[in-house]
Structure formats: C-alpha cells, structure tokens
Amino acid sequence: RLVTPGEVVETVKADSLFYRNSGGGVTASGGEPTQQPEFLTELFEECQRAGLDTALDTCGYVRWEVLEPILEFTDLVLFDIKHLDPDRHRELTGVDNRLILENIKRISERGTPLIVRIPLVPGCNDSPGALSDMAGLLTRLNLTRVDLAPYHRLGAAKYSRLGMAYVLDGAEPYSEEEVEEIRNKLEDRGLEVEIA
C-alpha cells in the first residue's frame, strides 16, 4: 500500500517507548532505500523531530548528491562492502565499486557513525587477500566496527518458488570454526567484529 512519511512515523511512534528503552529506532533497508530519496529524507527528518533515531542500511551505490541530503537526518549508516577489487565486484554484483568506495570515504569523513557489514560468501569474497584488503580499507578510514554476515541457504527455497536459478546452489554454509577464524584474522588487524 502507498503511505506517506508522516503515516509511517505515526505508526512507528506507537512503539516509541520500546525504542527508547531498547536504544533502537527506525532503520530504512530494502532493496536499496536510497532509490526513494525524497521519501526517505522526509521520513528521517520527521523521525528525528519525533525523537526517533534513524539508521540507513545501504549498499552505497548511489550518487553523492542523492545520498548527502539523506545523511543530514541519519544517525547511523550500515554500509555493505562486498569486494574491493573492481573487476571482481562487477563480476559478483554487475556494477563497478568506485562509487561505493567514494561514498564510504565521504561518509567517514563527514563523521556520520558507520558500521561496515561484509556479507561473506564462500569462494567470492572470503579469501585471505580479499579480507586483508577490506581490513586495510577500514583501517585507513579509521573505522573499527565490522559486522560479518556469513552465507546461509535460507534464500535458496525462495529462488526455487520464483522459478529462478540459484547461483550459489553448490555453496556450503560456513562452520562456526571457519567464521571464528575469519573473525580472528580481522580482530588481529584491530577491528571490532560482530557476527550477524
């Protein structure tokens, strides 16, 4: 159904006591929420006026002139980094990562709180070199918090129901030991690592 930002805020405000007690707020995710920038900017502005914290969950593939006004009303950015090598990033996602990397740099420079999230996918971005590159980027940007989201098969059935090919059909989820090994390598680089 179609709703206005004001209607969303009124719905959210009904649970504002819960957010205040839990330290939570409103997170815009998707898809990619920056695809509706006017709505999102107005929503976040109204949330902040109502005393609600705002978080933007983004892949960062958005022009800065679209992203910057949203950031004016954003308390926290959850930013996905999938791969630093531009060719491999294009192979995995279909787009170049230059815009994404420029945006994470700009967000970091403007001082908006930022948590980087790495969706770990076997054979795609979990090599020692790829992980070292990502840790290096975070260190250069003075970012210390990273959330790892290890691959799981929960979406496989959905692809089947939609009649779509599941490109990771042969991939196996990580064991707890493998995830801990990756966590330890990143922590050895001075990062605070959470497992999503």
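Mentor: Just after helix α7, Asn142 takes a positive phi of about 60°. Before going back along the chain, a word on conventions: this is a predicted model, in which local features need pLDDT of at least 70, side-chain atom pairs count only at pLDDT 80 or more, and totals for chains, interfaces and linings use all residues. Residues are numbered from 1 along each chain as its sequence is written, and side-chain values use heavy atoms, with hydrogens and water left out.

Helices (H or I, at least four residues) and strands (E, at least two) are DSSP runs, numbered from the N terminus. With its 13 residues, α7 reaches 18 Å from its first C-alpha to its last, close to the 18 Å expected at 1.5 Å a residue; the expected span is 1.5 Å times one less than the number of residues.

Now for the strands around the helix. Strand β4 (residues 114-120) pairs with strand β5 (residues 145-150) in the parallel sense, over five bridges; strands pair if DSSP finds at least two bridges between them. Between β4 and β5 the chain passes through α7 (residues 128-140), and this β-α-β crossover is right-handed: with the strands pointing away from the viewer, the path from the first strand over the helix to the second runs clockwise. Leu120 stands opposite Pro150 in β5. On to the next pairing: β5 also pairs with strand β6 (residues 192-195), again in the parallel sense, over four bridges, and there Arg145 has Glu192 in β6 as its bridge partner.

Which residues of α7 are buried? They are Ala130, Leu131, Met134, Ala135, Gly136, Leu137 and Leu138, where buried means under 20% relative accessible area, exposed over 50% and partly exposed in between (1.4 Å probe, protein chains only). These buried residues pack against α6 (98-110), β4, β5 and α9 (176-187).

The loop between β4 and α7 holds Asn125, which counts as buried because its relative accessibility is 2%. Its side chain reaches two backbone oxygens, that of Lys82 at 2.9 Å and that of Pro119 at 2.8 Å. Such a polar contact is a pair of N or O atoms within 3.5 Å; within protein, one must be able to donate a hydrogen and the other to accept it, and residues adjacent in sequence count only if both atoms are side-chain atoms. Leaving aside neighbours within four places in sequence, Asn125 is in contact (heavy atoms within 4.5 Å) with residues including His83, Ile118 and Leu120, and with Ala130, Leu131 and Met134.
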